Amino acid sequence: MLMLSGRVVRKSDIVSDSNEPSLFSLSTNANLPPPLRDKKAYLARDSSHIPSGFKHYFLLPGASPEGLPAEKTTLLGSEFDYFGDGDIVNLMPGGRIRSLFRANSSHNSILLTEQCNHYCLMCSQPPKNVDDSWLLAEAFEVIKMIPRETKEIGFTGGEPTIYGYEFLKLLQHTKSWLPQTSLHVLSNGRAFADEAYSKAYAEVQHPDLMIGIPIYSADASIHDYVVQSKGAFDETVRGVLNLKRFGQRVEIRVVIHKQTCEGLIELASFISRNLLFVDQVALMGLEHIGFARANIDTLWVDPIEYKDQLSEAVKILTSYGIRTAVYNHPLCLINSDVFPVYVKSISDWKNEYAKECDPCRRKSECGGFFSSGIRNGYSQSITPFL
């Protein structure tokens with residue numbers, strides 16, 4: 001598991017004297033033309049040749065700060081050895097650093113807020129009632145620094161639509177700066193029950209945008225219980241209908257756990273009858289982090305126990321021509337009839353494998369586990385393919 005944030009070994013004087021975070025795009029190119037260097041931070045792994053003229057210097061343990069200006073130099077621990085060319089980091093007051101974008105990763109999501117109007121039982125990013133609009137401002141700046149050739153990024157929260165029309169401005173901004181980059185947004189969908197807001201979202205006319213919206217049950221009361229918000233089911237469904245009315249791409253996301261697995265087949269039938277026009281349905285395993293850990297007795301069920309329901313749900317959805325994907329499950333805990341829609345999906349920075357997986361000949365095809373699952377307990381039904 002990669003550490004995406006932590007403390008630096010030594011912070012620069014400039015950053016320590018400032019109350020404002022500093023965004024840096026990293027470069028490992030010692031031959032970068034001098035006119036471009038003052039817009040980049042140089043990342044050094046050793047001291048063989050550290051060029052002059054860069055906006056800032058980040059030194060990994062193999063590099064020496066000798067001869068570099070202290071006010072522009074930050075020392076990093078070995079836990080940040082994964083930093084690379086094109087990455088974007090935020091050096092914050094107090095000597096903390098956050099990884100915001102990794103150029104060599106296909107799993108880049110930008111956190112826009114920790115505020116939310118849901119309180120989901122299994123939320124991996126528990127909501128906070130704070131003004132964190134600085135995250136939205138940061139996102140506007142990060143977008144301008146992301147390499148133009150980036151294939152895909154995501155926006156997540158909390159609930160991004162908490163910002164109302166400011167969030168739509170971010171979508172337009174992203175379209176302008178990254179016109180060829182696919183964009184995936186995670187939202188509970190309730191804001192789109194407002195037809196005017198859905199229309200404004202559509203008017204951004206992003207060429208490659210999909211929004212992932214959760215529906216956890218065909219029974220409104222169960223969905224509302226899972227998200228801890230009365231009336232959520234009705235507003236979410238109206239939001240999906242409005243988005244599709246305006247021709248927008250929508251993915252339905254279903255996290256499978258003890259509260260949702262028994263109704264999985266009924267939910268697949270509900271979607272097939274009533275939301276046939278959605279662009280994808282993602283059936284997802286549980287991540288053991290955030291509220292899921294606190295509610296583990298209410299949520300945990302071994303995936304082996306619902307594998308037949310999962311197979312039937314996939315069968316129903318695909319028989320109606322709905323694109324279906326199964327995420328966040330070890331390959332050995334699903335039936336073979338699900339293999340055609342299986343996706344190796346867990347983000348690389350929080351993906352691990354159990355010791356039982358070592359001899360498996362299909363390990364390279366398998367999504368494995370969330371790191372939190374390895375730490376906090378996982379299925380004892382793991383059976384490596386030999």
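Helices α6 and α7 are roughly perpendicular to each other, a term that covers angles of 65 to 115 degrees. The model is predicted, so local features need pLDDT of at least 70 and side-chain atom pairs count only at pLDDT 80 or more, while totals for chains, interfaces and linings use all residues. Residues are numbered from 1 along each chain as its sequence is written, and side-chain values use heavy atoms, leaving out hydrogens and water.

**First stop: α6 and α7**

Select residues 220-227, helix α6, together with α7. Their axes lie 8 Å apart and form an angle of about 100 degrees; axes are lines fitted to C-alpha atoms over the stretch in contact, and angles run from 0 to 180 degrees between N-to-C directions. Helices here are DSSP runs of H or I with at least four residues, strands are runs of E with at least two, and both are numbered from the N terminus. Next, display Ala220, His223, Asp224 and Val227 of α6, which meet Ala232, Phe233 and Thr236 of α7. Contact means heavy atoms within 4.5 Å.

**Second stop: α5**

Move to residues 195-203, helix α5, where Tyr197, Ser198, Ala200, Tyr201 and Ala202 are buried. Buried means under 20% relative accessible area, exposed over 50%, and partly exposed in between, with a 1.4 Å probe and protein chains only. The buried residues of α5 pack against α4 (165-177), β11 (209-214) and α7 (232-245). Select Asp194 at the N-terminal end of α5: this residue caps the helix, with a side-chain oxygen 3.0 Å from the backbone nitrogen of Ala196. Just after α5, Gln205 has a positive phi of about 55 degrees.

Side chains of opposite charge can pair when their charged atoms come close. A salt bridge is a side-chain nitrogen of Lys or Arg within 4 Å of a carboxyl oxygen of Asp or Glu, and the count by this rule is 14.

Select Glu235 and Arg190, whose closest N and O atoms are 3.0 Å apart in a salt bridge. Glu235 lies in α7 and Arg190 in the loop between β10 (182-186) and α5, so the pair ties together parts 45 residues apart in sequence. Glu235 is partly exposed at 27% relative accessibility, whereas Arg190 is buried at 11%.

Finally, select Glu365 and Arg362, which form a salt bridge at 2.9 Å, N to O. Glu365 is partly exposed at 40% relative accessibility, and Arg362 is buried, with a relative accessible area of 17%.

Key: A polar contact is a pair of N or O atoms within 3.5 Å; within protein, one must be able to donate a hydrogen and the other to accept it, and residues adjacent in sequence count only if both atoms are side-chain atoms. Angles under 35 degrees count as roughly parallel, over 145 as roughly antiparallel, 65 to 115 as roughly perpendicular and the rest as oblique.
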